[in-house]
Amino acid sequence: MKAWRLLLISTLILPISILSTKVWALERFEQLTWLESDSEVVSLIQYPALVSRVYQENDDQLIWFDLEQSQQLELKLEMIQRAGFSPLFVRQLKHLRQFRQQNRWFEYDLLATDTTLLYMSYAQQAPSLGEAWFFQGQSLNYLPEPNRDSVLSLFVAIELQRLDELLDTFTPTTQGYIQLTKSYQHLRSVHREEIPAYRQRGLAKTGDKLSDRDTLVKRLALVDIDISKVRSDVSWFDASLTEPVKAFQRLHGLTVDGIIGPATIKWLNLSAEERLSMLALNAERSRIWPIQRETIILVNVPSFDMKYWYSGEAVFESKVVVGKTSRKTPLMATKLDSLILNPTWNVPRKIMVEDILPQVKLDNNYLTKNKIDIVKRWNADSPVSAEEIDWSSVNPKTFPYKMRQQSGIGNALGLYKFNTPNRRAIFLHDTPSKHLFDEETRAFSSGCVRVEKADQFATVLLENQGLDELVIAESSQDTNKAIPLKRRIPVHIIYQTVWFESGEIHYRDDVYRYDNVAHNNGKS
């Protein structure tokens with residue numbers, strides 16, 4: 001494009017007063033001879049002045065004459081619509097489809113251009129506002145104009161007829177987003193007919209009679225399970241069904257035993273519409289998560305696991321326990337700065353007030369049995385004598401002291417604390433309650449993240465930091481010791497109920513009901 005033309009475009013998008021802009025924009029729309037003066041599209045336009053300038057620069061010609069580009073735009077809008085957090089995008093897509101179906105191409109063109117600008121703004125705002133949209137119940141009803149450079153890129157894309165490339169520029173390019181989108185498109189294309197719910201009595205395992213085998217196979221196929229070798233000439237649970245059932249269980253975080261029970265049936269009967277909503281929402285959520293995998297620790301709450309990447313490779317993985325629904329583990333980004341061996345535990349006030357003090361009032365030996373000291377302040381050397389306190393008259397809410405648990409095997413933090421300084425006092429740590437890692441749903445903590453293989457994690461961390469792992473072996477169990485890391489490691493706690501990994505799409509329960517919050521917003 002010629003330099004003078006870019007200069008002209010740059011001048012056209014300089015801001016002017018809001019009132020005069022709106023009046024001028026409406027007049028410009030009226031000058032479009034191919035648009036009815038009373039067209040409803042005018043009331044739908046979010047950026048009237050900006051859209052007017054776009055068409056003025058394009059000699060009032062149609063822009064969306066390439067059907068493939070229109071379909072690409074509608075797919076991206078549909079993903080946002082299906083994700084459920086934006087009444088604004090729901091409305092825009094509804095009218096776009098209405099105009100297309102009624103062959104109202106002039107109105108379609110205007111709204112498609114305006115909604116493209118809206119999509120660009122959404123992509124720019126998502127990193128900072130996405131958490132509010134996806135998790136905190138804030139509906140997306142308004143977006144500011146996209147920035148100056150983005151508007152310039154739209155003019156260039158129109159000039160070069162590269163609207164598809166422009167849309168891709170504002171769409172995540174991560175493998176996760178791409179694969180979730182592909183699964184969305186595949187599921188949308190195959191669920192032409194409503195599949196009835198799968199029903200059975202009791203448990204079903206290999207060799208058992210099945211009253212509804214055909215429905216079972218159809219529901220397995222909804223999640224790309226390979227059913228090519230499943231026999232069609234039998235009515236029982238034969239060997240050809242065993243592996244598909246196990247694969248289905250693995251993709252949903254269930255016990256992989258090949259036995260169809262209540263948990264497996266629940267996921268089997270998840271409707272295609274619900275799966276589409278989950279795929280769309282989690283694809284959009286990927287806009288706010290970190291992309292780099294050079295050196296990072298990721299905790300995904302719904303999958304109850306963590307991964308540690310070093311030099312671009314996943315070098316460690318472990319099950320984790322996260323916060324219970326009443327004390328959720330927050331979504332956050334922080335940095336791991338040190339490893340603490342045999343940590344003491346400064347009991348958070350909420351836990352002290354709600355959990356420990358009621359126990360002490362019932363059992364005077366509770367503090368002694370759990371090696372918990374009462375202190376006036378965290379750095380106090382000498383504890384307060386518990387015998388001097390009249391526990392029968394203690395009001396937990398006004399209790400003036402703090403509590404600190406001594407280090408050791410019974411300490412709530414276990415033998416390792418992975419220190420991540422932050423205002424919420426959330427960190428990763430070991431735990432003496434190893435049995436909890438055997439549970440499928442592991443939301444039991446008071447907010448911090450418990451790591452199953454904490455000893456292995458500590459060793460890997462030290463090795464990658466160039467620190468001598470013997471410092472762990474040489475530390476006695478009753479010695480509290482902090483080992484600063486040479487390089488701090490980013491730690492991100494995220495929330496994905498659907499994600500792509502190792503060539504497959506995985507689903508998990510919405511443990512904190514955040515999916516419901518987002519979906520309900522889209523209906524407001």
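Which residue in S3 is the bridge partner of Tyr 308? I opened the notebook with that. The model I am reading is predicted. In it, Tyr 308 has Phe 316 as its bridge partner in S3.

**Entry 1: the S2–S3 hairpin**

I looked up the two strands around that bridge. S2 covers residues 305-310 and S3 covers residues 313-323. They run antiparallel and pair over six bridges. I then checked the turn. Two residues lie between S2 and S3 in this hairpin. Ser 311 is in the turn, and its phi is positive, about 55°.

**Entry 2: other partners of S3**

I followed S3 to its other pairings. With S11 (residues 449-451), S3 pairs in the antiparallel sense over two bridges. Here I noted Val 320, whose bridge partner in S11 is Val 451. Next I turned to S10, residues 443-445. S3 and S10 pair in the parallel sense, over two bridges. On this side I found Gly 323 opposite Ser 445 of S10.

**Entry 3: the largest pocket**

I asked how much space lies in the largest pocket. The value is about 970 Å³. I counted 43 residues in its lining. Nearest the centre of the pocket are Trp 345, Pro 348, Ile 351, Ala 412 and Leu 413.

Which elements each supply at least two residues of that lining? I found strand S5 (345-346), helix H15 (349-362), strand S8 (416-419) and strand S10. H15 gives the largest share of the lining, five residues.

I sorted the lining by class. There are 20 nonpolar residues, 16 polar and seven charged.

**Entry 4: cavities**

I searched the whole structure for cavities of 30 Å³ or more and found two. The largest cavity holds about 60 Å³ of space.

Which residues line the largest cavity? I wrote down His 191, Glu 193, Glu 194, Ile 195, Arg 219, Leu 222, Ser 271, Ala 272 and Glu 273. By class, I have four charged residues, three nonpolar and two polar in this lining.

**Recap**

The largest pocket has about 970 Å³ of space, and H15 supplies five residues of its lining. The largest cavity has about 60 Å³, with Arg 219 and Glu 273 among the residues that line it.

Note on methods. Residues are numbered from 1 along each chain as its sequence is written. This is a predicted model: local features need pLDDT of at least 70, side-chain atom pairs count only at pLDDT 80 or more; totals for chains, interfaces and linings use all residues. Side-chain values use heavy atoms; hydrogens and water are left out. On a 1 Å grid over the protein atoms alone, a cavity is a set of points where a 1.4 Å probe fits but cannot get out, and a pocket is an open set with protein on both sides within 12 Å along at least five of seven lines; lining residues have an atom within 4 Å of a point. Grid points are joined across faces, edges and corners, and a volume is the space filled by probe spheres set on the points. Helices (H or I, at least four residues) and strands (E, at least two) are DSSP runs, numbered from the N terminus. Ala, Val, Leu, Ile, Met, Phe, Trp, Tyr, Cys and Pro count as nonpolar, Asp, Glu, Lys and Arg as charged, and the others, Gly among them, as polar. Two strands pair if DSSP finds at least two bridges between them.
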